[in-house]
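Welcome! Please take a look at the structure below, and then we can walk through a few of its features together.

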Amino acid sequence: MNKLLDAGLLFCTKEQLLEERALKIRSAKSFEKRHLNKAMPDKMTVYRVVDSNKEKFKLSKVNEHKVEIVNVVTKPEIEMLIIIAEGKYDDYQNKAGRYGKPSDYVKSQLKYPHAKSAAFINDYFRDVTKLTEAIREYRRLHPQEKKAIPLADLLSE
């Protein structure tokens with residue numbers, strides 16, 4: 001997210017965000033303690049980037065009216081975006097039974113054993129255009145989740 005934010009490729013700017021960056025807070029209680037006890041606007045929207053729509057984020061009764069929660073599902077593992085960027089989506093789909101998870105395919109077929117590491121991801125998607133194209137292609141290939149928006153919808157046009 002910060003890579004896309006730094007490149008100015010999201011629908012919002014750093015200045016519009018709390019702490020001017022994407023935050024890594026999973027717990028609603030921690031979020032409330034850290035941010036909602038401060039003077040805040042009457043209403044705010046929190047875009048939660050999660051890998052599953054099943055993750056709970058329940059705010060207290062005191063704060064639930066102040067915050068609109070929008071789940072942004074990044075259901076594909078980062079490896080799926082690599083598969084798409086490599087132009088290997090159809091090959092992966094044809095071999096999915098053999099490899100199962102995208103991470104297994106990326107390790108064995110694409111020979112990227114460290115695809116989950118931040119260093120690898122930053123290097124691989126050094127050209128953020130490659131990343132945004134893979135994100136948009138994933139949205140094209142897969143229907144939208146209920147009660148959530150796809151990551152591609154956060155990209156600026």
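Helix α3 (residues 78-85) packs against helix α7 (residues 128-141) at an angle of about 95°, and their axes are 9 Å apart. Angles from 65 to 115 degrees count as roughly perpendicular, so α3 and α7 are roughly perpendicular to each other. Here, axes are lines fitted to C-alpha atoms, for helices over the stretch in contact, and angles run from 0 to 180 degrees between N-to-C directions. Helices (H or I, at least four residues) and strands (E, at least two) are DSSP runs, numbered from the N terminus.

This is a predicted model, in which local features need pLDDT of at least 70 and side-chain atom pairs count only at pLDDT 80 or more, while totals for chains, interfaces and linings use all residues. Residues are numbered from 1 along each chain as its sequence is written, and side-chain values use heavy atoms, with hydrogens and water left out.

Which residues meet where α3 and α7 pack? The table shows both sides, with contact meaning heavy atoms within 4.5 Å.

| Helix | Residues in the contact |
|---|---|
| α3 | Met80, Leu81, Ile84, Ala85 |
| α7 | Lys130, Leu131, Ala134, Ile135, Glu137, Tyr138, Leu141 |

Now for the proline: Pro102 lies in helix α5 (residues 102-108). Pro102 counts as buried because its relative accessibility is 9%, and buried means under 20% relative accessible area (1.4 Å probe, protein chains only). Leaving aside neighbours within four places in sequence, Pro102 is in contact with Glu77, Glu79, Met80, Ile83 and Tyr92. Pro102 and Ile83 are 19 residues apart in sequence, and their C-alpha atoms are 7.7 Å apart.

Methods:
Parallel < 35°, antiparallel > 145°, perpendicular 65-115°, else oblique. Buried < 20%, exposed > 50% of the residue type's maximum accessible area, 1.4 Å probe, protein only.
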